[in-house]
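Please keep the sequence and the structure in view while reading.

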Amino acid sequence: MTDHASATADAALHEHVVIIGAGAAGLTAGIYTARANLSPVILAGLQPGGQMTITTDVENYPGFAEVIQGPWLMTEMQSQAENVGARVIYDLVTDLDTSARPFRMKLDSGKVMTADVVILATGAQARWLGLESESAFNGRGVSACATCDGFFYKDRDVAVIGGGNTAVEEALYLANICRSVTLVHRRDSLRAEQIMQDRLLKKDNITVEWNRAVAEVLGDETGVTGLRLSSTGNDDDKVISVHGMFVAIGHDPATKAFADAVALDDEGYIIAEAGGTRTSVDGVFAAGDCVDKIYRQAVTAAGMGCMAALDAERWLGEQE
């Protein structure tokens, strides 16, 4: 240990394992590290529970025959983590120094914490259009995840907003469930890979609204009933009837505080070893949507949280 690290450890609160993030990945990592007698601390940040706290009906998390609520599931997961020995602290990491061990974290409260092992599980946030009407119908017809919520619109009409790979993938997925899918794109050509565009344009129940943007989400007490589309050219506004709107304009991983701590890709996602959770720094692991830009499901995040905990336990054993 360097003199700098020794001095820091003396001045800071030291923990064996610190998990940053309290979504499905972080809480699962907490459950597994606690049961391994590693006394983990979970730093819950600004949104304990992650994206699931803004998800209402959850029908695809294994183990529940009936539809459950996202916030309830995360509350139960946190209680489980605490019951087996994890400690949850409601604070935010503003800086992570991985240049020496133990790793050093500055917290939003002004405190400093050090750790032998750090698990990064800060997740990602979907990008939204920023409309007031969009927020008003979030969870009542507005979603950012077709895999999560598409089944609720079986044999109904929906719209997907975007023009990249994610938007086309969402539209193709929904086309197998919904009666019709309208892809709304603000330009006259898609950014998605050509092979995906070809698949999209061959689907009989997918139409594309070119050079259009969502100006307003329309609805009533039952939820979304339609969209008012503005023109990016000189055409008049247009109203389309849909029961759901899926925003697919990308995600932002919550990794800004780690930019100088671990290797990130060009989109800001943490780079982890293939098939594992080890990052570019020995003793730092990553799990969930801050790593995974493909699946982005609560169950896959939980699985990665388990993997990170097991990887961390093995790594600590190797050090001893």
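Which cysteine does a disulfide join to Cys145? The partner is Cys148, and the two sulfur atoms lie 2.2 Å apart.

## About the model

This is a predicted model, in which local features need pLDDT of at least 70 and side-chain atom pairs count only at pLDDT 80 or more, while totals for chains, interfaces and linings use all residues. Residues are numbered from 1 along each chain as its sequence is written, and side-chain values use heavy atoms, with hydrogens and water left out.

## The cysteines

A disulfide is a covalent bond between the sulfur atoms of two cysteines, and here a pair is counted as one when its sulfur atoms are within 2.5 Å. By this rule the count comes to 1 disulfide, and the link of Cys145 and Cys148 is right-handed, with 70° about the S-S bond. To describe how accessible a residue is, the report calls it buried when its relative accessible area is under 20%, exposed when it is over 50%, and partly exposed in between, using a 1.4 Å probe and protein chains only. Cys145 is buried at 15%, whereas Cys148, at 24%, counts as partly exposed.

Cys290 is in no disulfide either, since the nearest cysteine sulfur, in Cys306, is 16 Å away. Both residues are buried, Cys178 with a relative accessibility of 5% and Cys290 with one of 0%.

## The nonpolar cores

A nonpolar core is a set of buried Ala, Val, Leu, Ile, Met, Phe, Trp, Tyr and Cys residues joined through side-chain atoms within 4.5 Å. The largest one has 58 residues, and those with the most contacts inside it are Ile20, Leu43, Met105, Leu120 and Phe258. Helix H8 (residues 298–319) gives the largest share of this core, 9 residues. Apart from this core lies another, of 22 residues, among them Val158, Ala171, Leu183 and Ala248.

If neighbours within four places in sequence are left aside, Ile20 is in contact (heavy atoms within 4.5 Å) with residues including Leu43, Val93, Met105, Leu120 and Phe258.

## A strand hairpin

Helices (H or I, at least four residues) and strands (E, at least two) are DSSP runs numbered from the N terminus, and two strands pair if DSSP finds at least two bridges between them. Strand E14 (residues 212–220) and strand E15 (residues 223–231) run antiparallel and are joined by 8 bridges. These two strands, E14 and E15, form a hairpin with 2 residues between them, and Ala213 has Ser230 in E15 as its bridge partner.
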